[in-house]
Amino acid sequence: MTTVATIKKNRETVRRVRRAILFVVSLLFVAVAWELYKAVGPEAGGKIFGWKLLPRSNNNAMPHVWDMLMRYNRPELRGSDRKIWSVVLAGAWFSFRLALVGFAIGSTLGLGLSILMARFKIAERGILPYLVVSQTVPLIALAPLVVSWGGKLHIAGWTWPRWMSAAVLGAFLAFFPVAVGALKGLTSAPLASHELMDSYAASWWQTLRKLRFPAAIPFIVPSLKLAASASVIGVVVAEISTGLKGGIGRLIIEYAREATGDPAKVFTAVFGAAALGLAMSGLVTLADIYMMRNRPKEASA
Amino acid sequence: MRKSKSWKLAAGVAALSLAAVACGGSDSPSTESSAPAACETTTSVKLQLQWFTQAQFAGYFAAVDQGFYAAQCLDVSILEGGVDIVPQQQLADGAVDFALSWVPKALASREAGANIVDIAQIFQRSGTLQVSFKDKGITSPADFAGKNIGNWGYGNEFEIFAALTKAGLDPAADVTLVQQSFDMAALLAGDIDAAEAMTYNEYAQVLEAIDPATGKQYTADDFNVVSYEDEGVGMLQDAIWASGERLASDAVYKDTATKFVAASIQGWAFCRDDPQACADIVVSKGSKLGASHQLWQINEVNKLIWPAAGGAGMIDADAWDRTAKLAQETKNLEGSTVLTAAPDAEAYTNEIVTAALAILDGLDVDTKGSSFAPIDVTLNEGGA
């Protein structure tokens, strides 16, 4: 028994190491492809059948990979001694916290809605179409409205902080996958199990806690992963849209203005935003691994 | 077994939200305020900028930093703009007390029903340019014919259309209009023959870039510049806008507006007299633009404000009428104009700024700047 467990564990470790190596290799592959295109691609862009499809390969449009990486170790502004990696890191940390707030609000709201919809068929029929419609509203149209509403909120001496608008927009993108995924999960338990619960005269809440919710977890976890990266997108776009200071989105747009003279700079912030998205969904994966550690594989779905 | 796991997930989500709220809550909003010295009550004022912190708004930051607002018993929070923040909309919605906006755009909002009033015309001149490389031979709007002309759109392009119309060109047929982004890379790459640029920002960006042919920075000799102000089609730009409704009904707000305009102009006078100190203030407020770029910007902005023959902030009826007329007559590509009718007489008032200038006269502040002379600024690579 022990040996079987050890072999299983070893196999798991090997799989994880292999996955990590593959990730690094894929990054290298992208970097090599980038440099390869720079070497052979047209300096001033090119046309295919009259369409301008080939991007420019000059150093202004596509800085060398090493230039972008070296940029991290140079000061943000000449004359200041703050290296750009620390600025990007601070910006990513700021946005990370906002995304976490948005993720928490969004997934709580999404779970609540899904329970409501699972409980009352009429709620599902009434709410679900609006959830779908809500996601067709462009974020950039919503952002100024949220800022404007927030600016007018004064509840008992509490004023709406500006960062809250960005977090709310993160939540706006995050709640949807959770609501839809959890609804699917909450209604996924087989009829026989429901009948068993009925035979125990279990109340609706007991059925929810002991049957529906555990059965929903395999559906909820992937939707939480989606929600995590969606909240990052929401926060970054909201920062750009509303000009919230301190985060990675704001850095992207500020550095983009300097692309004329310092093209590598904006990429440092763009990579920061990508890393942020990875970190956020990695966090959910870790939580998933922790919670599912004792769950037999075949029990899922 | 199962029960405990599902509750762990719920507890995890709850703990996560608590942690997140705690983390997020520790951040105070990034506004600047200063405590008053000898005021019985201080009035909180929110000013909405059009864009991020930069020297274009130096006068307001200087007024905060130097305590000019505090001396008027005002506690001013300066709110930065963003890509989708429309200052006059924030003002009309009541989210802020005052907003900065270009006149044509704000008048379009007014025509659409926003009751906003121009109470101080801070920039007396237009700072819009069309910049092109020397070898393109573009020295006047007539030379735009057959060229790729960059423009920002979103209501920032009307001076271009007015200049084209004035030169007898059809914007839809005689030129190729190209949507421009925030940077000037398209001009340097040759996608655009002549790019729209503000004297105080984008023009400096090209002068900070490196010419790959020489390995040195570009100089003003490399470019031709068409100034819309000089071409007679300049439209009024940065002005302080207030709520028309509150001006009419709320005497306290009107008094606040007067004090706010007075202290703001005092801030601009400070920037005129000491551009270096003013640029340092803006840099210290967290602008991401380099020091020489900021100094260039404050110097160019000063040229748009000073000298102010009628006193800074005074709305010149001729310039106003010209702006309104161009806004009604210039058709864009879709054949529509910024305004469909002349703005009503209540769209601007000189009452507030007149009272504000009187306050400043009492403080011995030079509000005309008749002896103003710009300084020479050397731009460093990348604006550093």
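The questions below concern a predicted model and take up its confidence, its strands and its helices.

Q: Which element of chain B has the lowest mean pLDDT?
A: In this predicted model, chain B has a mean pLDDT of 87, with 90% of its residues at 70 or more. Over residues 17–36 of chain B, however, pLDDT stays under 50, and the model has 37 contacts beyond four places in sequence for this stretch. Where pLDDT is low, predicted coordinates should not be read in detail. Among the elements of chain B, strand β10 (residues 239–243) has the highest mean, 97, and the lowest, 48, belongs to helix α1 (residues 2–25) of chain B.

Q: What ipTM does the predictor give the complex?
A: Two scores are given for the complex by the predictor. The pTM is 0.82, and the ipTM is 0.73.

Q: Which residue in the hairpin of β1(A) and β2(A) takes a positive phi?
A: Strands β1 (residues 46–48) and β2 (residues 51–54) of chain A run antiparallel and are joined by 3 bridges, and A:Ile48 has A:Trp51 as its bridge partner in β2(A). Between the strands of this hairpin there are 2 residues, and the positive phi, near 50 degrees, is taken by A:Phe49.

Q: Which are the edge strands of the open sheet in chain B?
A: The open sheet has 5 strands with mixed pairing, in the order β2-β1-β3-β10-β4 (chain B). An edge strand pairs on one side only, and here the edge strands are β2 (74–79) and β4 (116–120) of chain B.

Q: At about what angle does helix α10 of chain B run to β2(B)?
A: Helix α5 (residues 103–111) of chain B packs on the sheet, touching β3, β4 and β10 of chain B, with its direction at about 150 degrees to that of β4(B). Helix α10 (residues 251–273) of chain B lies across β1 (43–48), β2, β3, β4 and β10 of chain B, and its angle to β2(B) is about 70 degrees.

Q: Against which elements do the buried residues of α5(A) pack?
A: The buried residues of α5(A) include A:Leu142, A:Val146, A:Val147 and A:Gly151. Elements of chains A and B take part in this packing, namely α6 (162–186) and α8 (204–242) of chain A together with α4 (87–92) of chain B.

Conventions:
Residues numbered from 1 in each chain as written. Chains lettered and ligands numbered in written order. Predicted model: local features only at pLDDT ≥ 70, side-chain atom pairs only at ≥ 80, totals over all residues. pLDDT = per-residue confidence, 0-100. Helix = DSSP H or I, 4+ residues; strand = E, 2+ residues; numbered from the N terminus. Contact = placed C-beta atoms within 7 Å. Pairing = 2+ DSSP bridges. Axes fitted to C-alpha atoms, helices over the stretch in contact; angles between N-to-C directions. Buried ≥ 20, exposed ≤ 12 C-beta atoms within 10 Å, placed from the backbone.
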